[in-house]
Amino acid sequence: MEDTISAIATALGVGAVGIIRVSGPESLRLVNRIFRAKEPLSSSRPRYLQYGHIHDGKGVDVDEVLAVYMPGPHSYTGEDVVEIQCHGGREALKEILRLTFSEGARPAEPGEFTKRAFLNGRLDLTEAEAVMDIINAKSRRALVAAGRGHKGALSRSIREIRGRLRDLVVHLEAIIDYPEDDIEDVTYDETEGVLQQCYDAVMQLRKKGETGQILREGLRIAIVGRPNVGKSSLLNRLLQTDRAIVSNIPGTTRDIIEEQMTLDGIPLVLTDTAGLRDTEDYVEQIGVKRSRAILEDAELVLVVLDSASPLTDEDRKLLAAVKNRPHLVLLNKSDLAPALSREEVEALSGGDVLSLSVKDGAGMDQVGIHLRHFVMGEGSDAEMGLMTQNARQGMLLEQAAHHLAETLRDARAHLPYDCLTIDLTQVLHELGEITGDDVPEEIINEIFAQFCVGK
Ligand code: GDP
């Protein structure tokens, strides 16, 4: 039988209310020994808050509390759970926690409540991992996407794909094992059809997850351009549109400014290499290791040009440097008389070019719309299905896609069925590891160890 665990479930710090969570077969009896109220915290009214006091067993009241008993299996962990809401100061929380320990509970490990929920079948692995994404969400969209994962969107899609592949494997194996029987033959064409559809579905999931990842971690944008084109002004203007700047990370060096903001619910991490303005040739500076690292690290590069002065060699070199990366060219200072040819810029950049004036704000909306499209894709359908995926899930999806592509190639080459089933078994295993249907215990432990204590 499982032991009973206990931990502070709220953030440690001063707050109005703090919660201590106790889970396991002894939780009710254990809390009843330190809880004094009109009636004992009984199973007669589960899930009702009860007013009372926590005492230390020697007649001293520790705090005035509300306690609630949630019998398993209809609780977060699937076990009997008691939660005690006390005053949110450190001392009250720590003292009550200590009392639960002295009555026999053991300190919960990080993520142990959620791990128990998983082991008891309350959540599958992706749903459990989404709990952490919900807690760590940095924007509303990230929260919504994590919520979708929590409701099992990723698992459902994966189980569907896995089901189709399993049917195929079973069928192929039957043909291999009982060639003399009259089993309806699947043709290579049919096999290819199923494999192609499953491959497409896995790739589509991965794509959604990549966008979801941006929602988790923020889209990394580098703002580049030669001195005085308006990079700092642009950065400041963007930051002003953000009512809730998440944080202001001081640059790792004095040259580089990194800011976080959300635009229309999308977290952005903006890097301005403005500190390099004093150097002679900006593009040469791009050659400097650090600034190149910023460019390479960026998922989108904003190239700022001064439309009121003719294109310089530096500008041309810069456009060539970003040509093969996702980028957006901004022709700034549209409030002044134009002095460069938009056609030339378009030809050099091979990407989108927008005119704007950071000074009077003209065209700033377009920048926002463009960033939003970059993250979400066109239309709102893409947004509907967004879901967060963590690195583990993304990697497994990529492996599964890779093995599916190999199997597809083998099927096209009409390799024997048993060659196909060997690869497909691997794919089934990879997909199963995502949902937790087929996952080694060490991995489970590793995943939950990343959670915070009390979750
Ligand atoms: P950076 O060196 O690229 O970071 O450029 P700054 O942001 O420091 O801007 C250089 C100069 O251009 C400043 O004097 C800004 O006020 C001016 N500037 C920036 N944006 C605009 C704009 O849209 N129109 C005009 N007329 N001036 C601008």
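In which strand does Ser6 lie? Ser6 belongs to strand E1, which spans residues 5-8, where helices (H or I, at least four residues) and strands (E, at least two) are DSSP runs numbered from the N terminus.

## Basis of the model

This is a predicted model, in which local features need pLDDT of at least 70 and side-chain atom pairs count only at pLDDT 80 or more, while totals for chains, interfaces and linings use all residues. Residues are numbered from 1 along each chain as its sequence is written, and side-chain values use heavy atoms, with hydrogens and water left out.

## The chain as a whole

The protein chain contains 17 helices and 13 strands. Of its 455 residues, 49% are buried, a term that stands for under 20% relative accessible area, with exposed meaning over 50% and partly exposed the range in between (1.4 Å probe, protein chains only). The chain exposes about 22200 Å², and carbon and sulfur atoms supply 51% of that area; accessible areas come from the Shrake-Rupley method with a 1.4 Å probe, and for residues only the protein chains shown count as cover.

Contacts, defined by heavy atoms within 4.5 Å, can also be sorted by separation in sequence: among those between residues at least 6 apart, 67% join residues at least 24 apart. Gly163 is part of helix H6 (residues 153-177) and counts as buried because its relative accessibility is 18%.

## The open sheet

An open sheet is formed by 7 strands in the order E3-E4-E5-E6-E2-E1-E7, with mixed pairing; two strands pair if DSSP finds at least two bridges between them. The edge strands are E3 (35-36) and E7 (106-107), each of which pairs on one side only. In general, strands of a sheet pair through backbone hydrogen bonds, either parallel or antiparallel.

Strand E6 (residues 81-88) is mostly covered, with 6 of its 8 residues buried. Strand E2 (residues 15-23) runs antiparallel to E6 and is joined to it by 8 bridges, and strand E5 (residues 61-70) also pairs with E6 in the antiparallel sense, over 5 bridges. Residue Ile84 of E6 is the bridge partner of Ile20 and also of Ala67, whereas Glu83 of E6 is the bridge partner of Arg21.

## Surroundings of Ser6

Ser6 is buried because its relative accessible area is 1%. The side chains of Ser6 and Thr100 are joined by a polar contact of 2.8 Å, where a polar contact is a pair of N or O atoms within 3.5 Å; within protein, one atom must be able to donate a hydrogen and the other to accept it, and residues adjacent in sequence count only if both atoms are side-chain atoms. Leaving aside neighbours within four places in sequence, the contacts of Ser6 include Ile20, Arg21, Val22, Leu97, Phe101 and Phe113.

## The ligand shell

There are 16 residues around the ligand, and Asn228, Lys231, Ser232, Ser233 and Asp335 come nearest; a residue is near a molecule or strand if one of its heavy atoms lies within 4 Å of it. By class, this shell has 4 nonpolar, 6 polar and 6 charged residues, with Ala, Val, Leu, Ile, Met, Phe, Trp, Tyr, Cys and Pro taken as nonpolar, Asp, Glu, Lys and Arg as charged, and the others, Gly among them, as polar. Helix H8 (residues 231-240) gives the most to the shell, with 3 residues.

Polar backbone atoms lie 2.7 Å from a ligand oxygen atom at Asn228 and 3.3 Å from a ligand oxygen atom at Val229, and a backbone N or O atom of Lys231 is 2.8 Å from an oxygen atom of the ligand. The protein covers 76% of the 580 Å² of accessible area that the ligand has on its own.

## Backbone details

A cis peptide bond with omega of about 0° joins Gly72 and Pro73, and Pro73 is placed in the loop between E5 and E6.
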